[in-house]
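I opened my notebook to look up aromatic rings and their neighbours. These are my entries.

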Amino acid sequence: MDLAPVIETLQATLVPQTRKQAEEKLAQFCKTSGFIPCLIQIILNEQCDMGARQAGAIYLKNHVNTYWSDVNDLHATTDLDIIALANAVNVDVTKTNGDKSQKPSLISDTDKDYLRNILIDAILRIKDPLRCQLITIAGTLIKCDFPSKWPQFINQIHTCLSTDNIETWNSILLVFYILVQYYEYKKVEDRGPIDDVMLVILPILHQRFMQLFAHNDSDQSAMIQKLILKIFHAYTQLHLSFRVLPTQTMASWLDTCCMVLERRLPERLDTLDEEDRPENPWWKCKKWALHILIRTFERHGSPANLPKGQTHEKVEFANFYLKGYSAKVIQLIFGILEAYRQKIYVSPRVVQLCLNYLRESVRHAFSWKIVQNNIVVLIQDIIYPLLCINDDDIELFNEEPIEFVRARLDFLDEYISPVSAAELFLSDAVAKRKDVLMKTVTFLGTVIHNDTITTKQKDGVLHMLGVIGNVLIKKKTFANQLEHIIVQYLFPELQSPVAYLRARACYALRNFSKLEYTNTDNASRCLTNLINCLCNDISLPVQVEAAMALNLFLSDTEANEKDKTIIVPHLQIIVMRIIEIIRKTEIDDVMIVLQKIVGLFDQDLQPIAVQMTSQLVEFFKHIISENTPNDETKAEEKTVAAMGVLNTLDTIVSCMGEKSEILVQIEQSIYEIIVLVLRDGILDFYEEILTLIDTLTINTISPVMWQVFYLIKEAFYRDAADYFAEIMNCLHNYVVNDTPSFLSQPDRLEIVFEMCKHVIVNDLGEDSEAHAAKLIEVIILQCQDNMIVAFPAIVQLIAKRFQRNIITSELRLMLIQVFIIILWLNPDRFFQTLNAVVTNDPSTQNIIANFFNQWMTDCHLFSGIHDRRVCALGLCTLLRIDVNYYSAISNIVPKILPNCIQIYEGLMKTYQHNDDDDSDDETDEDEDSVASEIEDGEDESIEHGEDFLEKLKGKASDHEMSGDGLEGVGGDGDEDDEGSDFDIDETDLESYSTVLEANEDIDEFQIFCESLQKLQLDTTGYNQALLQSLTPEQRTHIQNIIHYTEKRKQEKESNKIRDAGGYNFSQSIAAGQPTNFNFAGDSSIINILQNQK
């Protein structure tokens, strides 16, 4: 292939005016065999323009990523866990995905072979930024081809590592790291290929590491050592293969990590700026050595951490590490921390990881004994200084308060910050080990009573008090002193002239929110001070900390009327201040505080609800009108903040739902952002805005919300079809909550049906299709007479869908359910419609003819109350079907009553379970727990969760049991004891209300008995055909259903009398008292069964 036109085209992609035409031209080039060799030649040609080389590398990366996979590899999976999960929810993932079009491969086998052979050599010959693109390509090949189609890959790695060229090592290790990462999180049984590779490569890696460790102190040497440690960490962090790493081999790697920790770093590092040192590869080596040691300790090296039933090898290695290495590593860590204590530079990440290792050591008796000897020095010289505010933080606090607040609330901080590591270590130590709390409090007392204490030191004391607060509250030793400590040391700092001390005092009070004050005036003082800090302080960090503290106090004083009387007079300014904070910081954590306040003080906030809504709407419009920041993290923060606004608006609407005059005004404001999101197609907020619409229409539909109905339609056909599950919540409200208005405009019914049809016809995913079928069922039930004209279109739509592959039982059952509903409402119209559809569209004949067989086959899959009731009503319709239709159902007549048994027994169990739940519905208090202390000679008891798939299998079996399949009716069926999780929970789809739930007169049990009574008059032989195949046990089951029906009827009558103020007969029955009521059931129906025996 000629290079010149390709180079010219690649250069043209860099010019905006010619980019589109160039990309179209490249799309044609890539279909030609030899295109990949052509791009590789351009990338490796140093005489070629650098822009063209980079464009070629990027295009090659994208081309390979898109087209490398074989067609046969798409859509299917052989992962046993995924298959087990899929089977539990009745999904078939072992086949290709229906008749969806498959991605063609544009890359010829010749080009693939060429790239496999040349890629490693190409990576070795170039530098970044070209090299990083080719390394990404190597990752794609590893994922798709290793080991079967790229067996030479490991030989290439081995050859490169066997040379003495240090430049080669660096590049090849970057590629090898991609391979190890690919297997990093795979299950043990899938890690065979990487284990085989590591048997060969790990010894070479260790040899190279020790060679560089002893003889080369260049930065490049440190970079390669770091890479080797990263590779080892990725390989061992989840699974330890003793075939590859027997104990002695693992010991040599652990010794190497210890040597890295002990190694003095080159003096030239002292000349670097402190900001640059953490990124230096020498400090990165220490970081990764600590990562390896921490992971080995917590996952493989501690007997207490091992789940039960581990192999002898794993237990032996855990004991080997704990007794052979934990003391050694702790001493090395103390050495590093001693240097830090002596003001010798240690990178923040290394300090953080050192404290993480010591935190793990707290849990184990053997390692705790070593740590215990130094705990006082550790607390006062390491932990305490770390928890004191530093000059950089003070500068950020004063000059960039918004950034200070964001940094403090960054959840990632826990994983990288030495301050967070210090907090976690101290919290665990005081909670789990005796005397540590007393030693900590004693130390704090010494510091706070020092006349020369500085504001920074005082900040550290308040910080430590906040960290240990939740433990102090639970200790009787300190219970009587805490109130005095808070009043004497925390309250005054809430009014300190130093802003960061005011913020820290608010932070410290958070963990004392559950303290029960003996003097109620002190409790009032605490709340008043926090409100003052929130509403009147000029410092943003103080306001934020006060809001966060107030949030916890509200959680614990929800029922305290005295506290409410303190808060209510300030409620308006509290809310407005929080909204102002949200506008400034765009932090979701503060939004949660506002949601809490709105939920607790809904009545009191009614006068300002409209104003709150208006301000939040304006804030939302401000966020989305701003240009998207280049920083991905900041852009994400803005999105999260905007979502928080929508969630808060949803809370306000929920709280004001009963105040129609307020809701009308709120709707007008919210309508603006609904229009903004739906018309402009801002996909990030579709879920939240649809949830908000759902809440606005949950009770009534206003004229404004009917305008939104048409906006939903526009968005659906433009870009929101994938959100149909969320859209259905809204459409359901429109249909059910204002049916007259829904039917008053003919286009509304047509719009909803066409949307459902669009989802089903265009294969938008079976979950969405099931929702569409459910909505059709709801509409048929809600608008019965108005839907008759649409029955042929509905039947044809469903029949056509059955012609395509259906994977989930959920969709199949929903489609069947629509048929059942039409049958139940009007059997004559149902059969007429079937005939008409077959006449007009002969392709549907087999599907329609098979409907009854499919229904009978799937009866055991119906679960939940609504779905079973629909099935039961349909079966009862078949019991009393007109003689003209016998021929249409002759094949399934023997299956009707057995299926009635399993459906009705499922309903009986469900109703019984719900009654039991109502009788003993108790709420468990959810308290924040603090780890209990461990004796100094003991390990912490670790609870290990059961295997997820085992739980899943249990749930699946319970689900299957809920169907009471035919075997269960006549067989041993004794497996679901009273303690089992019988499938009583409603399915996601049946949570949508219909007229079945609204109409109490529709009693499927009474209808069943009436249907059996009608069979007594049968003279056609239909009665005999239904009953002749029943076993004696099945007849007994039917008698039990009849008895249950009579009892159910009597209880309903009793409840009516009780509700009217009369005698409660059900209590008499429950108490076993004699009554005049006959609970023997309908003897005439039972006689039918007996006469047929």
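**Charges and rings**

I began with R504, which lies over the face of Y507, at 5.5 Å from the ring centre. I was working with a predicted model. Next I looked up R277. Its charged end sits over the ring of Y345, 4.7 Å from the centre of that ring.

**Ring pairs**

How many aromatic pairs does the structure hold? I found 40 aromatic pairs. I then took up F709 and Y710. Their ring centres are 5.2 Å apart and their planes stand at 90°. Planes over 60 degrees apart count as edge-to-face, so F709 and Y710 form an edge-to-face pair.

For Y710 I noted 25%, so Y710 is partly exposed.

I turned to Y886 and Y1022, which form a stacked aromatic pair. I wrote down 4.4 Å from centre to centre and 20° between the planes. Where do these two residues sit in the chain? I placed Y886 in helix 48, residues 886-889. I placed Y1022 in helix 54, residues 1022-1027.

**A cluster**

Which residues form one aromatic cluster with F242? I listed F297, F317, F320, Y321, Y325 and Y357 alongside F242.

Notes. Residues are numbered from 1 along each chain as its sequence is written. This is a predicted model: local features need pLDDT of at least 70, side-chain atom pairs count only at pLDDT 80 or more; totals for chains, interfaces and linings use all residues. Side-chain values use heavy atoms; hydrogens and water are left out. Rings of Phe, Tyr and Trp (its six-membered ring) pair if their centres lie within 6.5 Å; planes under 30 degrees apart count as stacked, over 60 as edge-to-face and the rest as tilted. Buried means under 20% relative accessible area, exposed over 50%, partly exposed in between (1.4 Å probe, protein chains only). Helices (H or I, at least four residues) and strands (E, at least two) are DSSP runs, numbered from the N terminus. A charge sits over a ring if NZ of Lys or CZ of Arg is within 6 Å of the ring centre and within 35 degrees of the ring normal.
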